[in-house]
Amino acid sequence: MKIESSIILRAAGHFLLPLLIIFSIFLLLRGHNEPGGGFIAGLVAAAAIALYLFSMDIQAARKALYVDPRDLIGGGLVLAVLSGIPAALQGKAFFTSLWWPVELPLLGEVKFSTPLIFDIGVYLVVIGSVLTIVLNLAEAEEKS
Amino acid sequence: MSVSLALPVLIPLLAGALSLAFWRSHLAQRWIGVIGTGALLWSSIVLLKVTWQDGIQVMHMGSWAAPFGIVLVSDLLGAIMVLLTGITGFATALYSLVSIPREHEKFGYYPLLHLLLAGVAGAFLTGDIFNLYVWFEVMLVASFALIILGGERAQMEGAIKYVTLNLFSSALFLSAIGLLYGVTGTLNMADVAQKLSQVPEAEQGLVSVISILFLVAFAIKAAAFPLFFWLPASYHTPQVAVSAIFAGLLTKVGVYVLFRFYTMIFADDTELTHTILLWMGMLTMLTGVLGAAAQYEFRRILSFHIISQIGYMILGLAIFTPLAIVGGVFYIMHHIIVKANLFLVSGLVYRLRGTYELKELGGLYRSHPWLGLWFLIPALSLAGLPPLSGFFAKFVIIRAGVEAGEWLAVAVALIVGLLTLYSMIKIWNEVFWKAAPEGCEQREAPPYTHQGNSLVMYYLPIIGLALMTVLIGVAAQPIYELAEAAAEQLLNPVGYIEAVLGAKP
């Protein structure tokens, strides 16, 4: 069963996908001290792909994602757990935040940190789990 | 502060994440399963050694100071429990290699197993009550999924009872946490223990209410009377490896928390709580063992015996003399190993004969005499025959009861011991001794319920755990000393409080 989506949605989907992904990365980096962070950013990114799925079809959505969503769950979890370890190597308690401020041209001071790595892990896990569910449901729908 | 403190939580988390990342490769997941639980066992041995030599270990996670941040604390009881988690986890992982069908591996058996172990280890090590709640939930999520893996009708039925009662218990737990936070303004266990003694007279009633709320919540988790019926309804439905780890560890988390809370935190009003605990313990023992007597399914009998054994541990806590607490701790150590092993044996019997029904089994002693021995060791230990581990565990508790003058409890404990022996002999007679019924010898478990033809990985963990049971019995003295030191720390929480919050000026 294939429902033709409206032409407006299809046209908008092309533009909205990259915009929403950029917005989700903005939310991800904004987190920690201001509203934002890995979880909400992951939801926005997953919503972007889901919107793309509705405007196009499943194959297009999978292609836009590049990887299998299940890989994102595992990879993200590994990243999140690993982010606690650098502190232990320095003799501090696990999950102690470490900050590495770097001066970059144009951008000014950028703070790399272990919470950022943790947040990226969460981001990937959320995208992965939401899309695993959504894509599987969509495929089940298509088969029936 | 020692790094070894966080490892028992981090290792299973990492192993779980890795096996999710390798979800395509069954082989990789199996290796991660064995190596991950092996590493967990190793780290728990290191942790116990460090705790024994250097005293209570504390780690402020993320370097946020207590009582505001979350602390991981390992006193001797916590370290012992983590070691038992490691042992059970490793034995189960080996057993899973052959007993978990590919279909279940595909649906994430290994990641869930690691998640479950992480939840259990986290619950044993955390020093924060809300964090304890979180670990409970981690554990429950993993166990819900494990219990329905396979999706048979009986599993769904068991899982619904399991989920409903455990969610109810979690809700009680959470409300109690809210009230406790309202009264004391803190959820750090050491801080709570300290602040509860300063609560004004007018609010003592509220403290009692909170204490009872926690008691009911944890009694459900521990499957104590009268809220135990989720356990026999669900534990015989999943894969045996899952049953074994549930039987060994999950209810014992509830018991552990009871020990932690009602020695360290709510120790002022023992008149009320420990009287309830005493009756709860006795009735739990009795109902469990009587329920088992009526059963003729291998794993259901064992499930009911979990309940009756939980009663002994609660009894140890309820009598509340130093000796009784020692007995309770010793009992937990002995019980986890024995119970997990009995479930593993039942799985091997199923593998050989394709059924759990005692009526349809028989003649295994003739065909597999050694298996008879590996069954008898944990079974007789469970019943409390010397020189096995169960004898010393029961002996210490009953002796504590005699010294405290709790004659009724002593009588119940002795009768239940006898009935346990009856149950174990029943299994022995039906499964091993009596002549095999018609056609029983030809039957085998259908191939979709396991992997490969080798039985080595079935025997290996069974023999290992059985030898451990003998070892605890033969070398009871050092184990007893360990339990004694653990009980000593529980009854004098000053050391724990100072370790977490720093010495008082």
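Reader: How many residues does the contact take from chain A, and how many from chain B?

Author: The model is a predicted one. Both chains contribute residues to the contact. The count is 15 residues from chain A and 16 residues from chain B.

Reader: Which helix gives the largest share of the side of chain A that touches chain B?

Author: By class, that side of chain A has eight nonpolar, five polar and two charged residues. Its largest share is seven residues, and they come from residues 69-82 of chain A, which is helix α4.

Reader: Are helices α2 and α3 of chain A roughly parallel or roughly antiparallel to each other?

Author: Helix α2 of chain A spans residues 38-55 and helix α3 of chain A spans residues 58-65. Their axes come within 7 Å and cross at roughly 150 degrees. Angles over 145 degrees count as roughly antiparallel. Therefore α2(A) and α3(A) are roughly antiparallel.

Reader: What classes of residue make the contact of α2(A) with α3(A)?

Author: From α2(A) come A:Ile49, A:Tyr52 and A:Leu53. From α3(A) come A:Ile58, A:Ala60, A:Ala61, A:Ala64 and A:Leu65. By class, this contact has no polar and no charged residues, and eight that are nonpolar.

Reader: Is B:Leu140 buried or exposed?

Author: B:Leu140 is found in helix α6 of chain B, residues 129-148. A residue counts as buried if 20 or more other C-beta atoms lie within 10 Å of its own. B:Leu140 has 20 such atoms within 10 Å, so this residue is buried.

Reader: How far apart in space are B:Leu140 and B:Ser170?

Author: In sequence, B:Leu140 and B:Ser170 are 30 residues apart. In space, taken from C-alpha to C-alpha, the distance between B:Leu140 and B:Ser170 is 9.7 Å.

Methods:
Residues numbered from 1 in each chain as written. Chains lettered and ligands numbered in written order. Predicted model: local features only at pLDDT ≥ 70, side-chain atom pairs only at ≥ 80, totals over all residues. Contact = placed C-beta atoms within 7 Å. Helix = DSSP H or I, 4+ residues; strand = E, 2+ residues; numbered from the N terminus. Nonpolar A, V, L, I, M, F, W, Y, C, P; charged D, E, K, R; others polar. Axes fitted to C-alpha atoms, helices over the stretch in contact; angles between N-to-C directions. Parallel < 35°, antiparallel > 145°, perpendicular 65-115°, else oblique. Buried ≥ 20, exposed ≤ 12 C-beta atoms within 10 Å, placed from the backbone.
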